[in-house]
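Morning, everyone. I'll take a few minutes to walk through one model, so please have it up on your screens.

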Amino acid sequence: MTETTDAVRAALDPDRRAAFERRVDREAESLRNDVAAGAFDAPDFAVGLELEGYVVDADGRLAAAPESLFEIDGCSRELGVHNAEIHTAPDVVSDAGLRQQYDELRGIYDDIQRHLGESDRRFVLDAMWTVPPESGTRQYLSAGTATDGIFLADNMRPVPRYVALDQKIREANGGRIGLGLPGYDDARSMLVESLATSMQPHLQLPDPTDIPRYLNVATRTMGPILSLTANSPFLPADIYDDEPVSDLVEVFAQTPHELRIPIFERSVDEGTNKCRVPRDVASIDELIDRIAEDPTLVAPPDLGADGNEDGDEGGSRGDSGGKGDPGSERYPAFGAKRGTYWRWVRPVFGGEIPRGADGAPIPGASEESVRIEYRPLPTQPTLRDTVGVQALVAGVLRGVDVADHPLATLSWEDARASFYAAVDDGPDADLRWVTQDGEQTGETEAIYDDLFALARRGLDALGVGADATEWALGPIEARRDAAHTSPSAWKRTRVREAVEDGASLPAAISEMQGEYVERVAGGTPFAQW
């Protein structure tokens, strides 16, 4: 405990933070030079994935993940003790690459389930847990002790960087973090962010100077893709214990389809609105500058006692919930800084050598590369859905470029409005788009037509054959004609039906969640539910 609090104090020390910022500036300058020199060029487009979930017990209640779980290759810790993340190695985009992504996900997922099954627990692919542990949601998320003025949340992993970030964010908010959600106005710490889980597709680009153009396009795709994938329309059931059933319509009206977005934005807000839709960027140098100049919250404890100004050791994971991705080992301070550059799409510098169609590292590649991390999406119900969304994101981003599509002419303000409309209303959102002819439209079916056409165009340009494309995209496009377009719509319908049959709102949510968990375990793609 003393070791943790000492590391937290060091991370919060102003002098250490100033030394860290100086090192970030030096690394940013070196990174700019290396990018210009071609050190981050790559031979191929490649994809990878991060997929988060949570653990439940035999009764479907939230439960802690055993430490032994993280001995499984491809399974990592997350912010909450109940969370875990699956992450894949990158594959060159191809028929074999998409299949390899799925096979790796399946292998890790099955290993996790076998391990948890030994203690009568299971891993759930979901965007928000809604059946709380015995202690109840508020108690679980607020439990903790203050040691020498530093708050340690009981159910947050005691990683000094997490604790330091929590301390900084709590101090900036007067000791309470405002949520402003129906039934849940504020929280004691940023552990409230562990309510939500997500999937993050990654797309590596051969030419780093293309990254700004792809990021700007990615911002304009977030609304339509989120409208098909929204999956977190309810807080945990006990939050609604005092909610009269007669107010169900009001609860639905006040609660977004995708609660994950406001929860994350508000749980890490220290006053500068760091978590947000990024503004358009014109060049890779400007992007590097933005990351370097983003407000520093803490100096990473693992970079050395003096900020490691002259050394080269230290890790580079940087996200508040362990959601960051390893940056280049040559830029550990910049990598840590990027980890708290909380934007819904952002770049990652450095990584692993992608695998080719034969599963071996491709020749001529290095670990120095640049990729887009696409962050606005909630965890999907099944692995087939997950790889389908991954392919959709990669295909659309590439498709806009190869088709010379004018989507980037959609104003940033309209793109942002489209995204938050999808957050609020899921498949019923007031979306904004620009067609191939340069015409603006808000007609949902026309937008989806263009979206999937671009995805097919992009996957084709990436060398993915027609059969593999339909295998990947089919489960997601089928949502357009399914009974429920998004998982959030399915969840809301199930709860409404249960309430109409006489259940209380908390009981209806718990009943819905039980059915959801069983369907997830069955593995049938969501569109067939």
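Let's start with Asn-273, which counts as partly exposed because its relative accessibility is 41%. You'll find Asn-273 in the loop between H8 and helix H9, the latter being residues 284-293. Keep in mind that we're looking at a predicted model here. For context, most residues other than glycine have a negative phi.

Asp-120 isn't a glycine either, and its phi is positive at about 60 degrees. Asp-120 is in a loop too, the one running between helix H3 (95-117) and strand E5 (122-124).

Okay, on to helix packing. Two packed helices are described by the angle between their axes and the distance between the axes. Take H1, residues 2-12, and H5, residues 160-172: their axes come within 9 Å and cross at roughly 55 degrees. So H1 is oblique to H5. As for handedness, the H1 and H5 crossing is right-handed. Who's touching whom? On the H1 side we have Thr-4, Ala-7, Val-8, Ala-11 and Leu-12, and they meet Pro-160, Val-163, Ala-164, Gln-167 and Lys-168 of H5. Sorted by class, that H1 with H5 contact comes to seven nonpolar residues, two polar and one charged.

From H2, the residues in contact are Phe-20, Arg-23, Val-24, Glu-27, Ala-28 and Leu-31, and across from them in H10 are Pro-332, Ala-333, Phe-334, Ala-336 and Lys-337. The class count for H2 with H10 is eight nonpolar, three charged and no polar residues.

Next, the aromatics. How many aromatic pairs does the structure hold? There are 15. One of them is Phe-264 with Trp-342, an edge-to-face pair with 6.3 Å centre to centre and 90 degrees between the planes. Phe-264 belongs to helix H8 (residues 260-267) and Trp-342 to the loop between helix H10 (332-339) and strand E11 (345-349), so this pair ties together parts that are 78 residues apart in sequence. Are these two buried or exposed? Both Phe-264 and Trp-342 are buried. They also belong to one aromatic cluster, together with Trp-344, Phe-419 and Tyr-420.

The other pair I'd show you is Trp-490 with Tyr-516. Here the ring centres are 6.3 Å apart and the planes sit at 50 degrees, so we call the pair tilted. This one links distant parts of the chain as well, with Trp-490 in helix H15 and Tyr-516 in helix H16 (residues 505-522), 26 residues apart. Trp-490 counts as buried because its relative accessibility is 1%, and Tyr-516 is buried because its relative accessible area is 0%.

Last stop: a few individual residues. Arg-479 sits in the loop between helix H14 (466-477) and helix H15 (487-500). Is Arg-479 buried or exposed? With 0% relative accessibility, Arg-479 counts as buried. Leaving out neighbours within four places in sequence, its contacts include Asp-385, Gln-380, His-484 and Phe-526.

Then there's Met-199, in strand E10, residues 198-205. Met-199 is buried, at 0% relative accessible area. Among the residues it contacts, again leaving aside neighbours within four places in sequence, are Leu-49, Leu-51, Tyr-374, Leu-377 and Val-389.

To finish, have a look at Leu-179 in strand E8, residues 177-181. Leu-179 counts as buried, since its relative accessibility is 2%. Not counting residues up to four places away in sequence, Leu-179 touches Tyr-184, Asp-185, Asp-186, Ala-187, Val-192 and Arg-266. Val-517 is another matter: Leu-179 and Val-517 are 338 residues apart in sequence and 27 Å apart in space, C-alpha to C-alpha.

Conventions: Residues are numbered from 1 along each chain as its sequence is written. This is a predicted model: local features need pLDDT of at least 70, side-chain atom pairs count only at pLDDT 80 or more; totals for chains, interfaces and linings use all residues. Side-chain values use heavy atoms; hydrogens and water are left out. Axes are lines fitted to C-alpha atoms, for helices over the stretch in contact, and angles run from 0 to 180 degrees between N-to-C directions. Helices (H or I, at least four residues) and strands (E, at least two) are DSSP runs, numbered from the N terminus. Angles under 35 degrees count as roughly parallel, over 145 as roughly antiparallel, 65 to 115 as roughly perpendicular and the rest as oblique. A crossing is left-handed if the near helix is turned anticlockwise from the far one by less than a right angle, and right-handed if clockwise. Contact means heavy atoms within 4.5 Å. Ala, Val, Leu, Ile, Met, Phe, Trp, Tyr, Cys and Pro count as nonpolar, Asp, Glu, Lys and Arg as charged, and the others, Gly among them, as polar. Buried means under 20% relative accessible area, exposed over 50%, partly exposed in between (1.4 Å probe, protein chains only). Rings of Phe, Tyr and Trp (its six-membered ring) pair if their centres lie within 6.5 Å; planes under 30 degrees apart count as stacked, over 60 as edge-to-face and the rest as tilted.
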